[in-house]
Amino acid sequence: MTKQSAFMVGNARKADMKIYKGSRMSKENNEGRGKSKAGLIVLLLLLLVVLGGVAAGAVMVATNTDTDFLFSVVVDKNYRVLGKLADRDQWAASVYQTEKDTAASEETVPTETPTAGENEGYVMQSDSDAELTASEAAELAESLPEAMPPAAAVTRLSEQEMQELLKSSAVDDTFWEGCPDRIVELLTPNPYSRPQYALTAVNDIVIHYVGNQGSTAKENRDYFESLASSGDRSASSHFIIGLDGEIIQCVPLSEVAYASKGRNYDTISIEVCHPDEAGKFSDATYESVIKLTAWLCRTFRIGPDAVIRHYDVTGKECPKYYVDHEDAWNQLLLDVRTEYDKITA
């Protein structure tokens, strides 16, 4: 086995390093040209040092000519060997890890923002993690509704009781006693919006907004139905609440709806229509959200604190207005608690 080595000098990228890959050379080329090329490169290196010094770092490129494997040896600006890298993907990963380790050693946390279309499954870092001044903390405290007292202890259903209750929702009309008026327009069973997978439990109620300002509950329901033929994506919800407060049920409570990635199997989802881009619910819509949510919390014996936003599951800004305005979300939770206490008294 023979090796041809050379040093190349240049400004390093982020981590004071930069990598180049040399071309594969045969044994014959190595034997014939090795000494002359090595001498020339050494002279160039010395010339660069004399003119300006080594600016940031260097990379040694070595080719193993007995195999088809081309590897690179990376050194830092002090010529300490950092390791062999098989390809650019591995190099990129090493640079990322180096930067991450550096940031951690400086006790800083880099904030990453997902690009458009990558929000699903990505939990974004909250600005609330930043330290507040005394005046900012006081201002924030004044903007929030009065603190809610702890919820009364709730005796949760056993797994068997939960399954029996979920099944009864599909066959027993008495299950729906006390529920706000609803329109039942179940989606056609299909892989994209009603896969008919069994809901394993109900641990939370997830509030969403449709994201399509001015659209009606019926239009959103029909969009979910259209996915059966288009197959454009997987999406649905158990309920949709319209601009006038109407409630449409799209998926049986005993089945999974495709709404809260990662939590579809143990949550019930409510999509909510909104009149404008801000995403704030109309008064009629808001009232239905409160009543339906409180009824679900009581029916499944999960208590009024088991209400979350899509944002709390995936980091997606949904429901937008109630992510942008934490005080409005806290007030919504307080209103659910009040309604819950009213119907369980």
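**Entry 1. Serine 288**

In which helix is serine 288 found? I located serine 288 in helix 6. Helices here are DSSP runs of H or I with at least four residues, strands are runs of E with at least two, and both are numbered from the N terminus. I was working on a predicted model, in which local features need pLDDT of at least 70, side-chain atom pairs count only at pLDDT 80 or more, and totals for chains, interfaces and linings use all residues. Residues are numbered from 1 along each chain as its sequence is written, and side-chain values use heavy atoms, with hydrogens and water left out.

I listed the contacts of serine 288 (heavy atoms within 4.5 Å). Leaving aside residues up to four places away in sequence, serine 288 touches Ile241, Gly245 and Ile247.

**Entry 2. Serine 229**

Serine 229 is exposed, because its relative accessible area is 69%. I also checked its separation from proline 191, which lies 38 residues away along the chain. The C-alpha atoms of serine 229 and proline 191 are 9.9 Å apart.

**Entry 3. The chain as a whole**

I counted nine helices and 10 strands in the chain. Of its 345 residues, 38% count as buried. Among contacts between residues at least 6 apart in sequence, 74% join residues at least 24 apart.

**Entry 4. Nonpolar cores**

I searched for nonpolar cores, meaning sets of buried Ala, Val, Leu, Ile, Met, Phe, Trp, Tyr and Cys residues joined through side-chain atoms within 4.5 Å. Which residues touch the most other members of the largest core? Leu296 and Phe300 do so, in a core of 44 residues. I noted the elements that give two or more residues to this core: helix 4 (159–171), strand 6 (204–209), strand 7 (239–241), strand 9 (267–272), helix 6 (283–299), helix 8 (320–324) and helix 9 (326–344). Helix 6 gives the most, with eight residues.

Residues up to four places away in sequence excluded, it touches Leu157, Met162, Leu165, Leu166, Phe175, Val202, Leu253 and Ile268. I also found a second, separate core of 11 residues, with Phe224, Ala235, Ile248 and Cys273 among them.

**Entry 5. Helix 6 against helix 9**

I recorded how helix 6 and helix 9 are placed relative to each other. Their axes, which are lines fitted to C-alpha atoms over the stretch in contact, come within 8 Å and cross at roughly 55°. Angles run from 0 to 180 degrees between N-to-C directions. Helix 6 is therefore oblique to helix 9, since angles under 35 degrees count as roughly parallel, over 145 as roughly antiparallel, 65 to 115 as roughly perpendicular and the rest as oblique. The crossing is right-handed, that is, the near helix is turned clockwise from the far one by less than a right angle.

I listed the residues that meet between the two helices. Those of helix 6 include Tyr286, Val289, Ile290 and Trp295. Those of helix 9 include Leu332, Val336, Tyr340 and Ile343.

**Entry 6. Salt bridges**

I counted 13 salt bridges, each a side-chain nitrogen of Lys or Arg within 4 Å of a carboxyl oxygen of Asp or Glu.

Arginine 221 and glutamate 185 form one of them, at 3.8 Å from N to O. This pair links distant parts of the chain, 36 residues apart: arginine 221 is in helix 5 (residues 217–230), and glutamate 185 is in the loop between strand 5 (183–184) and strand 6. Arginine 221 is buried at 10% relative accessibility, whereas glutamate 185 is partly exposed at 23%.

Aspartate 222 and lysine 218 form another, at 2.8 Å from N to O. Because they are four residues apart in helix 5, about one helical turn separates them. Aspartate 222 is partly exposed at 31%, and lysine 218 is partly exposed at 37%.

I also noted arginine 309 with glutamate 326, whose closest N and O atoms are 3.2 Å apart. Arginine 309 lies in strand 10 (residues 307–309) and glutamate 326 in helix 9, 17 residues apart. Arginine 309 is buried at 5%; glutamate 326 is partly exposed at 37%.

Finally, I traced shared partners and found Glu185, Lys218, Arg221, Asp222 and Glu225 joined into one network.

Conventions
Buried means under 20% relative accessible area, exposed over 50%, partly exposed in between (1.4 Å probe, protein chains only).
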